[in-house]
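The points can be taken in order.

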Amino acid sequence: MSFDISVTVRGRTVIMELAGDLDAATAPTFHQRVEDVDRNEVDQLVLDMTNLAYMSSGGLRGLVFAKQKMGENVEIVLVGVNSTVGETIRLTGFQHSVSFADRVAE
Amino acid sequence: MTATFPTGDRIDAFPTRHVSGYAVRPGRTMPFGATIVPGGVNFSVYSNAAQAVSLVIYDRDKPEPVAELPFPVEFRVGGVWAMTVFGLDYDRVEYGYRVFGPVEQQTGDRFDPAKVLADPYSKSLTGRDVWGADPDWDRPQQWLSRLAFDDFDWDGDQPLRLPSSDLVIYETHVRGFTRHPSSGVGSPGTYAGLVEKIPYLKDLGVNCVELMPIFEFDEFENSRISPVTGGRLYNYWGYSTVGFFAPKAGYAATGRYGMQVDEVKNMVRELHRNGIEVMLDVVFNHTAEGNEHGPTISFRGLDNRTYYMLTPEGYYYNFSGTGNTFNCNHPIVRGFVLDSLRYWASEYHIDGFRFDLAAILDRGQDGAPLPNPPLLEALAFDPVLRDCKLVAEAWDAGGLYEVGSFPSYHRWSEWNGKYRDTARRFLKGDLGLVGDLATRISGSPDLYSWRGPQASINFFTCHDGFTLADLVSYDGKHNEANGENNNDGANDNNSWNSGWEGPTDDPGVLEVRDRQMRNAMVLLFSSQGIPLIVAGDEVARTQLGNNNAYCHDDELSWFDWSLTDRNADLLAFTRAVIAFRAAHPVLRAPMFATGYERGTTHGYPDLSWHGVHPWQPDWSPGSRLLGWMRWGRTADGKDDVVYVLHNAHWEQHLIELPELPEELRWHLFADTSDPAAPPAPGQEQPLADQRVYPLQDRSTLVLTARPSE
């Protein structure tokens with residue numbers, strides 16, 4: 001399974017571009033990048049999923065993990081979610097941890 | 001510096017050897033099943049008589065096993081084989097067990113090393129991931145086990161612990177509830193689809209959804225083409241369990257991705273958020289393996305003698321009518337059942353369980369009924385299940401009828417078949433019933449004096465038998481579409497077609513049917529005990545007279561949502577009746593009435609009986625009319641008075657009303673001869689004539705007493 005993640009920081013917004021498949025095998029990589037973020041320096045964590053093909057059960061949990069790590073004061077925004085990924089997030093109830101947007105704000 | 005618990009530093013998170021190319025270490029015996037542990041997966045399976053067990057590993061996309069790992073003999077503790085395996089892909093791995101019995105098998109053993117068995121403790125199964133998708137019949141194992149992630153963000157959710165006496169139970173089939181094209185949900189026929197209808201349920205006023213079996217089952221069991229319709233018949237209801245810890249993937253919109261566990265938990269969380277409890281219909285009386293001609297899925301190949309009630313010759317006792325009987329009072333099986341229920345109660349936050357054919361649960365290993373059945377005792381006193389509702393369908397298919405005598409340990413409630421029979425017969429105008437009706441209306445103290453009226457689940461209809469609409473539209477069953485020459489299904493339906501059998505345009509007949517349905521709703525919701533209706537009764541859902549629709553995955557059994565418009569009147573009526581019950585605690589009293597003035601106001605008795613003359617019920621064999629008055633006091637000292645009179649006669653009667661104290665007046669909640677929706681609680685209008693009321697034929701009058709304005 002291939003998975004790539006690149007992180008950009010713009011002021012108090014952290015943008016993570018996820019590409020490939022986020023599943024149980026690749027989730028630890030995502031978790032590690034989330035842990036590297038200092039939540040006191042961040043208002044918004046943007047997950048750009050434009051190039052994310054698939055998210056499994058193991059991958060879904062990353063969203064809650066991110067919410068728990070970032071805490072109440074950081075908004076987590078999913079951008080560019082494809083219909084399959086978006087649907088599985090909503091059907092399993094994991095959407096409560098995040099917001100959705102069409103594209104990364106400038 | 002805050003303390004942290006790095007999972008990677010446990011001293012037992014490292015392999016000790018390799019088996020078939022996989023890094024492994026001796027496993028932990030508990031918990032049973034497959035558990036994700038730091039770095040690996042712990043597999044634990046028990047079999048009393050097995051000589052050797054292998055873990056067979058598959059990959060999601062490959063039909064043949066990827067590897068076979070015999071459990072090293074030194075990894076066995078007693079009858080438990082436990083191994084932790086490292087390096088697995090948790091999303092993709094599927095597994096099973098190959099079990100080798102002794103060379104000399106005992107009578108009743110059915111070990112078969114040629115088969116790969118599913119794990120009885122699997123939390124997720126694969127094999128029927130999408131409902132109705134053609135299985136690969138060439139594959140020897142139709143079912144394999146998968147891993148499930150048990151962590152879930154419950155966001156503070158807890159079981160609701162609603163008082164039993166306040167429950168209004170709505171029985172539904174998960175798929176049937178939203179599968180019809182008219183449902184308008186995004187994922188028809190699924191748990192997620194049900195979530196979209198929560199506003200409807202909340203508006204109706206029900207506070208407990210009882211789901212027909214959601215444990216994994218095979219919809220293709222006994223599947224055949226109907227000789228009558230040409231359509232495929234399925235095992236649609238699901239009373240044939242394959243996995244007691246796994247939710248049915250085919251009911252999940254995300255089942256194809258293996259995410260059914262999360263989807264079910266989300267459904268429970270959303271129902272709880274809206275004040276609705278979740279009760280599961282559970283089937284521990286038999287399994288999907290059938291008898292010796294049925295499929296071997298798990299139990300038979302692991303420990304046949306333990307899991308099933310067997311004759312001395314090693315054949316299967318059949319008290320369930322389906323092929324085998326689960327050996328529930330065997331110590332090992334008892335533990336298994338308890339483990340399963342505890343799992344659903346704690347991991348899925350389930351509020352209650354309804355046990356199908358529960359009389360089997362008090363049979364001993366030789367089939368004889370036990371006076372003190374260990375399983376029922378264990379369930380009644382279990383700490384994890386302590387706050388769960390336990391409901392028994394207190395009969396089985398082997399002649400054991402225990403309504404009122406089911407071993408209850410002061411915990412169990414029962415589906416009150418006597419309520420159903422008496423209420424149905426009175427509704428259609430049978431004679432000689434008023435005495436028994438009175439007992440049923442007051443919560444069946446003849447049956448449940450030890451427990452109170454909440455032991456009685458009252459119902460006219462459930463999934464078994466006619467829907468409410470069909471109960472008043474058909475004299476006899478019409479199950480031809482099942483392909484069994486209409487021989488299946490109950491014959492004693494106690495139904496009456498209101499003047500014509502089946503579909504008709506005759507307005508007179510239709511009016512009687514509507515009125516009868518309103519009568520049934522009033523009778524049910526003004527009785528003491530816990531009311532249960534089946535999904536669609538509130539909108540006159542019909543199965544065209546089929547009273548055994550177990551095999552129909554089609555329009556016959558699906559909830560047609562256009563009925564909410566076409567029968568909006570009945571829906572509004574039902575909603576109003578449910579709201580009325582909620583507004584009158586006296587109808588939901590947790591103790592039986594005494595007939596005396598304790599706890600009432602103005603010296604009126606808490607329960608009294610009436611006829612066309614107040615205080616003079618007609619108990620004679622020829623009577624078809626009964627009135628009852630409940631009198632109580634609310635928590636803040638106000639009068640709580642409800643008067644109901646059901647005239648099941650085909651002639652109208654002038655009813656003389658009981659006299660009220662000076663400051664109270666009778667207000668009209670409902671007269672079922674009027675199809676208009678009753679007023680909201682508190683909005684009832686005073687009767688112009690406080691002394692007499694002309695009640696139509698086959699009609700019910702409901703009044704409440706309030707201070708004069």
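1. The structure is a predicted model. Local features are described only where pLDDT is at least 70.

2. Domains of chain B. The domain assignment divides chain B into domain 1 (7-146), domain 2 (164-585) and domain 3 (593-707). Between domain 1 and domain 3 of chain B, the C-alpha centres are 64 Å apart.

3. The barrel of chain B. In chain B, 8 strands close into a barrel, with the order β12-β13-β18-β19-β20-β21-β22-β23 and parallel pairing. From one strand to the next, the twist averages 25°. Strand β12 (residues 169-172) of chain B and strand β23 (residues 530-534) of chain B run parallel and are joined by 3 bridges. Here B:I169 has B:L532 of β23(B) opposite.

4. A helix pair in chain B. In general, two packed helices are described by the angle between their axes and the distance between the axes. For helix α8 (residues 417-427) and helix α9 (residues 434-441) of chain B, the axes come within 9 Å and cross at roughly 130°. An angle over 145 would count as roughly antiparallel, and 65 to 115 as roughly perpendicular; α8(B) and α9(B) are therefore oblique to each other. The crossing in which α8(B) passes α9(B) is left-handed. From α8(B), the residues B:K418, B:Y419, B:T422, B:A423 and B:F426 meet B:D436, B:L437 and B:R440 of α9(B). By class, the residues of this contact are 4 nonpolar, 1 polar and 3 charged.

5. The sheet of chain A. An open sheet of 5 strands is found in chain A, in the order β1-β2-β3-β4-β5 and with mixed pairing. Its edge strands are β1 (3-10) and β5 (99-101) of chain A, each of which pairs on one side only. With direction ignored, neighbouring strands are turned by 25° against each other on average. Strand β3 (residues 44-55) and strand β4 (residues 75-79) of chain A pair in the parallel sense over 5 bridges, and A:V46 faces A:V77 of β4(A).

6. A helix on that sheet. Helix α2 (residues 57-70) of chain A lies across β2 (13-22), β3 and β4 of chain A. Relative to β3(A), this helix runs at about 175°.

7. Contact between the chains. Chain B supplies 18 residues to the contact and chain A supplies 14 residues. On the chain B side, helix α4 (residues 260-273) gives the most, with 4 residues. The side of chain B that touches chain A comprises 6 nonpolar, 4 polar and 8 charged residues.

Note on methods. Residues are numbered from 1 along each chain as its sequence is written. Chains are lettered from A and ligands numbered from 1 in the order in which they are written. This is a predicted model: local features need pLDDT of at least 70, side-chain atom pairs count only at pLDDT 80 or more; totals for chains, interfaces and linings use all residues. Two residues are in contact if their C-beta atoms, placed from the backbone, lie within 7 Å. Helices (H or I, at least four residues) and strands (E, at least two) are DSSP runs, numbered from the N terminus. Ala, Val, Leu, Ile, Met, Phe, Trp, Tyr, Cys and Pro count as nonpolar, Asp, Glu, Lys and Arg as charged, and the others, Gly among them, as polar. Axes are lines fitted to C-alpha atoms, for helices over the stretch in contact, and angles run from 0 to 180 degrees between N-to-C directions. Angles under 35 degrees count as roughly parallel, over 145 as roughly antiparallel, 65 to 115 as roughly perpendicular and the rest as oblique. A crossing is left-handed if the near helix is turned anticlockwise from the far one by less than a right angle, and right-handed if clockwise. Two strands pair if DSSP finds at least two bridges between them. Domain bounds come from an automatic or database domain assignment.
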